[in-house]
Amino acid sequence: MDRDQQKLFLFLVFLGSVLEFAESGFNAVYLKQTNATLTCGNPPEEFFETQQGFISSIDRVPFTCNASDPARAYPPENMVDGLLGTHWQSSAGEDLAFITISFEQAFFAQHINITFGNYRRPGAIKVEKSTDFGATFTPWHYLVTSPARRQCSVQFGVDAFQGLISRVDQVLCTEYIRYVPPEYNETISIELNQKQRGDGSQDSYTPGLQHHYTVREIEVTGRCDCKGHADGNHCPLNQGFRACQCEGNTCGVHCDECCPIYNQFPWKIGNGAPWTNDPAAKCEQGNITGL
Ligand SMILES: [Ca+2]
């Protein structure tokens with residue numbers, strides 16, 4: 001196994017139903033429950049940042065990760081707090097990390113942005129999703145280091161994406177886009193079911209400096225499923241939960257029922273689902289009959 005294959009894996013596994021892409025939306029994981037394995041600081045440990053590799057060992061001053069000291073802790077919730085100045089960090093010398101974010105409700109998703117910290121990105125990322133609140137997970141997207149044709153097969157047992165999408169739910173295996181200067185404080189965007197990423201250039205990995213792994217922020221752009229009775233882009237967050245702003249006399253978190261007295265005809269899904277309201281599918285007030 002070469003150095004690339006030994007580099008860190010980041011497994012992102014998501015709870016919730018997220019199956020389509022949208023034109024715009026909101027950050028569906030902001031302040032959501034986030035867990036990670038290998039979080040540093042228990043027991044406390046010293047570390048160096050990647051940039052310190054460019055100065056002499058005599059002049060380096062180590063940092064400390066201490067899970068019991070808020071000023072020196074790097075907990076998983078730092079990945080979804082909306083602040084690039086805070087980050088999660090793994091323990092030294094670990095190669096396989098799992099990050100789990102609970103959506104707590106169903107969303108449609110467009111893409112995932114991951115902003116890393118002062119360390120090189122992982123050698124590969126596997127993104128999985130769950131639609132049964134974590135009981136089971138299925139692959140969603142793979143990201144690998146070049147060359148994708150070989151790494152997709154070796155690490156995930158699939159073929160590299162060749163630029164032709166055959167199904168909207170196709171699981172793509174693509175290569176990291178190339179950054180200069182390389183590989184720390186990067187933001188990568190994983191386009192879901194949309195397009196190929198990466199340019200096929202070589203990875204200038206430098207052995208001996210990648211002792212930790214950090215993630216500053218994760219964003220998942222999503223939309224609510226309003227069944228064609230509201231714009232899924234506008235579903236305000238209220239006490240940790242998003243609900244559609246239903247139109248057409250519909251009610252419910254997903255506008256999936258007619259409001260009371262608007263029951264002349266059965267509820268039906270709108271043709272604009274999940275993106276826009278369909279006035280033709282609105283619920284009508286029932287006939288009022290006298291005695
Ligand atoms: Ca953060």
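**Figure 1. Overview of the predicted model and its confidence.** pLDDT, the predictor's confidence in each residue on a scale from 0 to 100, stays under 50 over residues 194–210. For residues 194–210 the model has 33 contacts beyond four places in sequence; two residues are in contact if their C-beta atoms, placed from the backbone, lie within 7 Å. pLDDT also stays under 50 over residues 15–22, with 31 such contacts in the model. Where pLDDT is low, the predicted coordinates should not be read in detail. The protein averages a pLDDT of 79, and 80% of the residues score at least 70. Residues are numbered from 1 along each chain as its sequence is written. Because this is a predicted model, local features need pLDDT of at least 70 and side-chain atom pairs count only at pLDDT 80 or more, while totals for chains, interfaces and linings use all residues. The protein has 2 helices and 17 strands; these are DSSP runs numbered from the N terminus, helices being H or I with at least four residues and strands E with at least two. Buried residues make up 37% of the 291 residues. A residue is buried if 20 or more other C-beta atoms lie within 10 Å of its own, exposed if 12 or fewer, and partly exposed in between, with C-beta atoms placed from the backbone. Among contacts between residues at least 6 apart in sequence, 69% join residues at least 24 apart.

**Figure 2. Strand 13 (residues 214–223) and the strands that pair with it.** Strand 13 is largely enclosed by the rest of the structure, because 10 of its 10 residues are buried. Two strands pair if DSSP finds at least two bridges between them. Strand 8 runs antiparallel to strand 13 and is joined to it by 7 bridges; Phe 116 has Val 215 as its bridge partner in strand 13. Strand 2 (residues 26–27) is also antiparallel to strand 13, with 2 bridges, and Phe 26 is partnered there by Gly 222. Strand 6 (residues 88–89) pairs with strand 13 in the antiparallel sense over 2 bridges.

**Figure 3. Thr 214 in strand 13.** Thr 214 is buried because 24 other C-beta atoms lie within 10 Å. The bridge partner of Gln 89 in strand 13 is Thr 214. Leaving aside neighbours within four places in sequence, Thr 214 is in contact with His 87, Trp 88, Gln 89, Phe 116, Gly 117, Asn 118 and Tyr 119. Phe 116 and Thr 214 are 98 residues apart in sequence, yet their C-alpha atoms are 5.7 Å apart in space.

**Figure 4. Helix 2 (residues 148–156) and what covers it.** The buried residues of helix 2 are Ala 148, Gln 151 and Cys 152. They cover an arc of only 100 degrees around the axis, which puts them on the same side of helix 2; the arc is that of the directions from the helix axis to the C-beta atoms. An α-helix has 3.6 residues a turn, so residues three or four places apart point the same way. What covers these buried residues includes strand 9 (124–130), strand 10 (138–144) and strand 11 (172–175). Strand 9 and strand 10 run antiparallel, joined by 6 bridges, and Lys 126 has Tyr 142 as its bridge partner in strand 10. In the loop between strand 10 and helix 2 lies Pro 147, which a cis peptide bond joins to Ser 146, with omega about -10 degrees. After helix 2 comes Gly 157, with a positive phi near 70 degrees.

Figure 5. Most residues other than glycine have a negative phi, and most peptide bonds are trans. Cys 255 counts as buried because it has 32 C-beta neighbours inside 10 Å. Ile 261 counts as exposed because it has 12 C-beta neighbours inside 10 Å.
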